[in-house]
Amino acid sequence: MLEYFAGAKKEIERTIASLMDAYGAEYASVSDDLGATAASRLASFAARGKMIRGCLVRLGYELASGREPDEASSLALNLAGAAMELFQAGLLVHDDIMDRDRTRRGAPTVHVEYEEDLRRGTYDDPQHYGEALGVCVGDLAYFAAFRVLATLGAGSNASAELARTVMAIAARELSLVGVAQMQDVVNGAVRPASTNPFRNAPTEPTEADILTLYRYKTGRYTFSLPMAIGATLAGAPELTRLNLEEAGEHLGVVFQLKDDELGLFADEAELGKPIGSDIREDKKTLFRLRLFGRVDGAERSRLGAVFGNHEASQSDVDSVLVAMERSGVRAELAALMKAEAEAASL
């Protein structure tokens, strides 16, 4: 399977590089300073990722059709996979700004790269304007991705209809990602004295709320959407597509739980971003929820003071990790990941 993904990634990477070279030339006609650079940064940023979503488009096609793609289908799958990775690039660029992350995949985040550029030029307020440029580049990634999907319709009326279907599926799922991202942002802003300004409901999410967020912020977008696009390009029946989407939801929960776990317990050099940022940002993860369900009194107060503290030391973070291990939270969630993976069996 690793060999399969490695081969698919190379094709998608080449496709993105070619597309962004062409798009960058157009962008440069508007701004020599910014256009081509934005396109090349997006291509470079996407290439540093695993390209799971792009590769899953091809897998969805093969699972739904029971065959390997021919040359024409392979080209369409590479384009659709490239679009998925451009969507992912845009979401990550914006996510890094919202999460105040300064490194991603072992390198400065896109908005930090712009901040550093502006600082070298002694521009005003480089942090703010670097973030603003990052927002613009994230937007460019979305627009480029939909442009790529539109090219799937080149040729016959049948392929044009297929392209419209793929774009509609992508637009719907990405809209739900946007709403889930909003909920994630609001969850991160909750403090002990907060009251819900949006509706008459508690501010602290329940386990069901968090699992819903996992499904729509990460799960369906990471697994269900690309496999659904692959199945659609294969001309598969709707039931086949829906079955793949359902399996993708379960895999997505596993993926997000594992991502949460790595953000807490992984080696920072391997992860490529700071360990403990979810604690300092008070991300409302299942790890956090279950930990607070296991402790009370002074221990709960002590741990509660670490979550949301942007200045929390590494020893503070380590004390939270020790509590998660000692209370059995990490082991419990490992069991949940296993159960979700089994539920995803096709």
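Is G153 buried or exposed? In this predicted model G153 is buried, with a relative accessible area of 16%, where buried means under 20%, exposed over 50% and partly exposed in between, with a 1.4 Å probe and protein chains only.

Residues are numbered from 1 along each chain as its sequence is written. The model is predicted, and local features need pLDDT of at least 70, side-chain atom pairs count only at pLDDT 80 or more, totals for chains, interfaces and linings use all residues, and side-chain values use heavy atoms, with hydrogens and water left out.

**Loop residues**

G153 is found in the loop between α6 (126–150) and α7 (157–189); helices here are DSSP runs (H or I, at least four residues), numbered from the N terminus. Apart from neighbours within four places in sequence, G153 is in contact with S159, A160 and A163, contact being heavy atoms within 4.5 Å. The C-alpha atoms of G153 and A76 are separated by 9.6 Å, although these residues are 77 residues apart along the chain.

Most residues other than glycine have a negative phi. D125, in the loop between α5 (110–120) and α6, has a positive phi near 45°. D125 is partly exposed, its relative accessible area being 38%. D282 has a positive phi of about 55° although it is not a glycine, and its place is in the loop between α11 (277–280) and α12. At 5% relative accessibility, D282 counts as buried.

**Helix packing**

Helix α8 (residues 207–233) and helix α12 (residues 286–294) have axes that come within 10 Å and cross at roughly 170°. Axes are lines fitted to C-alpha atoms, for helices over the stretch in contact, and angles run from 0 to 180 degrees between N-to-C directions. α8 and α12 are therefore roughly antiparallel to each other; angles under 35 degrees count as roughly parallel, over 145 as roughly antiparallel, 65 to 115 as roughly perpendicular and the rest as oblique. E207, I210, L211 and Y214 of α8 make the contact with L286, L289 and R290 of α12. These residues divide into 5 nonpolar, no polar and 2 charged, with Ala, Val, Leu, Ile, Met, Phe, Trp, Tyr, Cys and Pro counted as nonpolar, Asp, Glu, Lys and Arg as charged, and the others, Gly among them, as polar.

Within α12, the residues L286, F287, R288, R290, L291 and F292 are buried. The buried residues of α12 pack against α8, α9 (238–265), α13 (297–304), α14 (314–327) and α15 (329–343).

On the α1 side the contact is made by E11, I12, T15, I16, L19 and M20, and on the α4 side by N78, L79, G81, A82, E85 and L86. By class, the contact of α1 with α4 has 7 nonpolar, 3 polar and 2 charged residues.

**Aromatic pairs**

The count comes to 5 aromatic pairs, under the rule that rings of Phe, Tyr and Trp (its six-membered ring) pair if their centres lie within 6.5 Å, with planes under 30 degrees apart counted as stacked, over 60 as edge-to-face and the rest as tilted. One of them is the tilted pair of Y23 and Y27, at 6.5 Å centre to centre and 45° between the planes. Y23 and Y27 both lie in helix α1 (residues 2–28), 4 residues apart, about one turn of the helix. The rings of F223 and F255 have centres 5.6 Å apart and planes at 75°, so this pair is edge-to-face. F223 lies in helix α8 and F255 in helix α9, so the pair ties together parts that are 32 residues apart in sequence. The accessibility of each ring residue is as follows.

| Residue | Relative accessibility | Class |
|---|---|---|
| Y23 | 5% | buried |
| Y27 | 17% | buried |
| F223 | 11% | buried |
| F255 | 26% | partly exposed |

**E62 in helix α3**

E62 has its place in helix α3 (residues 52–65). Leaving aside neighbours within four places in sequence, E62 is in contact with Y4, R67, E68 and P69.

How values were computed:
Helix = DSSP H or I, 4+ residues; strand = E, 2+ residues; numbered from the N terminus.
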